[in-house]
Amino acid sequence: MATELVLLGTAGAPAPVAGRAGISSALVTGGRVFVVDCGRGTPSGYVNAGLDFARLACVFLSHLHADHTGDLAGLLLYPWGLRAGPDGPLPPVQVYGPGRPAQLPAGDAAFQRQTTIHPELPAPGTTDLVGQILAGYAYHLNVMPLDAVMPDPGQLVRATDITVPGVVFDDGGVRVSAVEVTHGHAVPALAYRFDTADGSVVFSGDTTVNDDLIALARGADILVHQVADLGYLARHGWSGAALQHMAGLHTDVTEVGGVAERAGVRELILSHYVPAEPGAVSAADWVQRAGKGFSGRTVAGRDGLRRTLPDAGGD
Ligand SMILES: [Zn+2]
């Protein structure tokens, strides 16, 4: 059985844009679905891609910004009723992601918080997030089973805060490794590598050019990498500290080809576009500039793009 990569959404940043869903990808291998990030529209992207919610095994979160986590609640709760087999509830969906940071990051002269939300736990980690999704939706989880046949909500989900670097998941068929990457104050932010018998796929998460990501991606078949066009932002009103912060968050389109070349991957697939609007920068323009310095194949990712491993050639 082959392994398949599907891009469910390719937009970067939280603000919704027309025509492109928020960042999320799926890797289907061994009959199970592994989702990486849960941006805006993930449950719709999942079903539009023809993926089966009964096969959803794991969700991996790269970091805890809302554009990567906002539709985690929906991904768990909408298909809850489908998470049952003849013998009862399916095994819980496993959600992996960063834990709480050692401390709440402080701001600088240009960017600070005014109000600290939920000061008793101001930087919840993945386990906290999943626990609070269950707590916040306790009404639905406790009341809906009184009117419809639902699996036991106690079997819906399990969450794990992962420690990096290293192997964070290995069941003999899929091995997932993670490293910490660099994404401004979003600490920790992670990149993931999936190794299967059919090949390997790496997801950059959101990061500046990062040597640990390049080492993680070494020799991979596919690198799904975020891309930003800082020049575009500069031409559209961004300047000073705001533009400087953006440069500390993301890999620019002029840098991503060098990342792929140093990693020696076979194919670079662009995703998590900043700017996110599909009309802002054309796919051809993204590819032309991102591919500079990379001897492999560069492809502009789009919602619904599929890749099969092992690679059968062609486009
Ligand atoms: Zn992002």
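Hi everyone, let's start with the sheet. Seven strands form an open sheet in the order E9-E10-E11-E12-E13-E14-E15, and the pairing is mixed. Please keep in mind that this is a predicted model. At the edges stand strand E9, residues 166-170, and strand E15, residues 297-300; each has a single partner strand, so one side of each is left without a neighbour in the sheet. From one strand to the next, the twist averages 25°.

Let me zoom in on one pair. Strand E11, residues 189-196, runs antiparallel to E12, and five bridges join them.

Helix H9, residues 253-263, lies across strand E13 (222-228) and strand E14 (267-274), and its direction is at about 160° to E13. Helix H10, residues 283-290, lies across E13, E14 and E15, running at about 120° to E14.

What about the nonpolar residues? The largest nonpolar core has 33 residues, and those touching the most other members are Val202, Leu223, Val227, Val265, Leu268, Leu270 and Trp286. At least two residues each come from strand E10 (174-181), E11, H6, E13, helix H7 (230-235), H9, E14 and H10. Which of these gives the most to the core? That is H9, with five residues.

Leaving aside residues up to four places away in sequence, Val227 touches a set of residues including Val253, Val256, Leu270, His272 and Trp286. There is also a second, separate core of 27 residues, with Val28, Phe53, Val95 and Leu156 among them.

Which residues are the protein donors of the zinc ion? They are Asp67 through OD, His68 through NE2, Asp206 through OD and His272 through NE2, at 2.1 to 2.3 Å from the zinc. Along the chain, their spacing reads D-H-x137-D-x65-H. Asp67 sits in helix H2, residues 66-69, while Asp206 is in the loop between strand E12 (199-203) and helix H6 (211-216), so this pair ties together parts that are 139 residues apart in sequence. Are the two aspartates, Asp67 and Asp206, buried or exposed? Both are buried.

And why is the arrangement around the zinc ion called irregular? Because the four donor atoms subtend angles of 90 to 169°, and a tetrahedral site would need all angles between 85 and 135 degrees.

Thanks, everyone!

Notes. Residues are numbered from 1 along each chain as its sequence is written. This is a predicted model: local features need pLDDT of at least 70, side-chain atom pairs count only at pLDDT 80 or more; totals for chains, interfaces and linings use all residues. Side-chain values use heavy atoms; hydrogens and water are left out. Donors are N, O and S atoms within 2.8 Å of the metal (3.2 Å for Na, K and Ca); water is not among the atoms, so sites may look incomplete. Four donors count as tetrahedral if all angles lie between 85 and 135 degrees; four count as square planar and six as octahedral if opposite donors are over 155 degrees apart and all others between 65 and 115; anything else is irregular. Helices (H or I, at least four residues) and strands (E, at least two) are DSSP runs, numbered from the N terminus. Buried means under 20% relative accessible area, exposed over 50%, partly exposed in between (1.4 Å probe, protein chains only). Two strands pair if DSSP finds at least two bridges between them. Axes are lines fitted to C-alpha atoms, for helices over the stretch in contact, and angles run from 0 to 180 degrees between N-to-C directions. Contact means heavy atoms within 4.5 Å. A nonpolar core is a set of buried Ala, Val, Leu, Ile, Met, Phe, Trp, Tyr and Cys residues joined through side-chain atoms within 4.5 Å.
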